[in-house]
Amino acid sequence: PFVKRLTMNALRLASRLAPRVLSRTNVSTLPRISSTALRSFSAKPEKLDELGSVDHMYEDDRVDKVAEPERRAFTYLMLSSVRFAYASTARLLVIKFVASMSASAEVLALAFSEFDLSSIETGKTITVKWRGKPVFIRRRTPAEISREEAVPMEVLRDQELDSERVIKPEYIVVLGICPHLGCVPVSNAGDYGGWFCPCHGSHYDTSGRIRKGPSPLNLEVPPYKFIDEKVIMVG
């Protein structure tokens, strides 16, 4: 009821004030549209040229619609050529980068080394170098082979069978670096007749397995294979 009453009062007030406002307004002061402007609005638009423009002041600079397809084709050709040149350059850079990451022929030659075993006497060990590291190659006696094959696994710290560490039982090939702190063990020494590390007293058997001392691991067996009856390739 309150809103309805307020609305009715507003309508009554507006009906009383409207005649007074109109009577005081000077109609002559309102802007008028000239007849010339009206004729210009009602006139027909000027005829457009072939490019859709009414501007004829730049006839010499306008684009020729007939020659535009040829120019567009030339632009596409130039863009394609530049992109092809960029792609070829990027491909060449990638190939050179990958080639620089691969090993050279000299490095690959040092990665593999061949050694003749025919000069090794039974029960003796020779030391050779592979990749700057000493490698022990021992020609074992039949008694050493039988002894190492009979060692039970429960007495070994780093448990490995002798057959898992050799290709031919007669020859054992190990890196001459102690796994403890990197010293070079002495061959044909120690309590087990294999190798003895003088730095901290680790003892290895003739299979290169740790049997006594602080070393946690066996002597590492490098990758190698027999390429002849008496020639091996390490690497």
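How many residues sit between β6 and β7 in their hairpin, and which residue in the turn has a positive phi? There are four residues between the two strands, and Gly201 is the one in the turn, with a phi of about 80 degrees. Keep in mind that this is a predicted model, where local features need pLDDT of at least 70, side-chain atom pairs count only at pLDDT 80 or more, and totals for chains, interfaces and linings use all residues. Residues are numbered from 1 along each chain as its sequence is written, and side-chain values use heavy atoms, with hydrogens and water left out.

**The whole protein**

- The protein has five helices and ten strands; both are DSSP runs numbered from the N terminus, with helices being H or I over at least four residues and strands being E over at least two.
- Out of 235 residues, 24% count as buried, where buried means under 20% relative accessible area, exposed means over 50%, and partly exposed is in between (1.4 Å probe, protein chains only).
- Take the contacts with a separation of 6 or more: 50% of them are between residues 24 or more positions apart, a contact being heavy atoms within 4.5 Å.

- Mean pLDDT for the protein is 78, and 66% of the residues reach 70 or more; pLDDT is the predictor's confidence in each residue, on a scale from 0 to 100.
- Confidence is lowest in helix α2 (residues 35-42), with a mean of 51, and highest in β7, at 94.

- Strand β5 (residues 186-187) runs antiparallel to strand β6 (residues 193-197), and two bridges join them; strands pair if DSSP finds at least two bridges between them.
- Within that pairing, Val186 has Phe196 of β6 as its bridge partner.
- The β5 and β6 hairpin has five residues between its strands, and Asn188 lies in that loop.
- Asn188 has a positive phi of about 55 degrees although it is not a glycine, and at a relative accessible area of 41% it is partly exposed.
- On to the next pair: β6 and strand β7 (residues 202-205) are antiparallel too, with four bridges between them.
- Here Trp195 stands opposite Tyr204 in β7.

**The three-stranded sheet**

- β1, β10 and β9 make an open, antiparallel sheet in the order β1-β10-β9.
- β1 (113-116) and β9 (224-226) are at the edges with a single partner strand each, so one side of each has no neighbour in the sheet.
- From one strand to the next, the twist averages 25 degrees; axes are lines fitted to C-alpha atoms, for helices over the stretch in contact, and angles run from 0 to 180 degrees between N-to-C directions.
- Three bridges join β9 to strand β10 (residues 231-234), with Lys225 standing opposite Met233 in β10.

**Cysteines**

- Searching the whole structure turns up one disulfide, meaning a pair of cysteine sulfur atoms within 2.5 Å.
- The disulfide joins Cys183 to Cys199, at an S to S distance of 2.1 Å.
- Cys183 is in the loop between β4 (171-175) and β5, while Cys199 is in the loop between β6 and β7, 16 residues apart.
- The disulfide of Cys183 and Cys199 is left-handed because the torsion about its S-S bond is about -105 degrees.
- Cys183 counts as buried at 16% relative accessibility, whereas Cys199 is partly exposed at 41%.
- Cys197 is in no disulfide.
- Cys178 is buried at 2% relative accessibility, and Cys197 is buried at 1%.

**One more positive phi**

- Arg131 has a positive phi near 55 degrees and is a residue other than glycine.
- Look for Arg131 in the loop between β2 (125-130) and β3 (133-139), where it counts as exposed at 54% relative accessibility.
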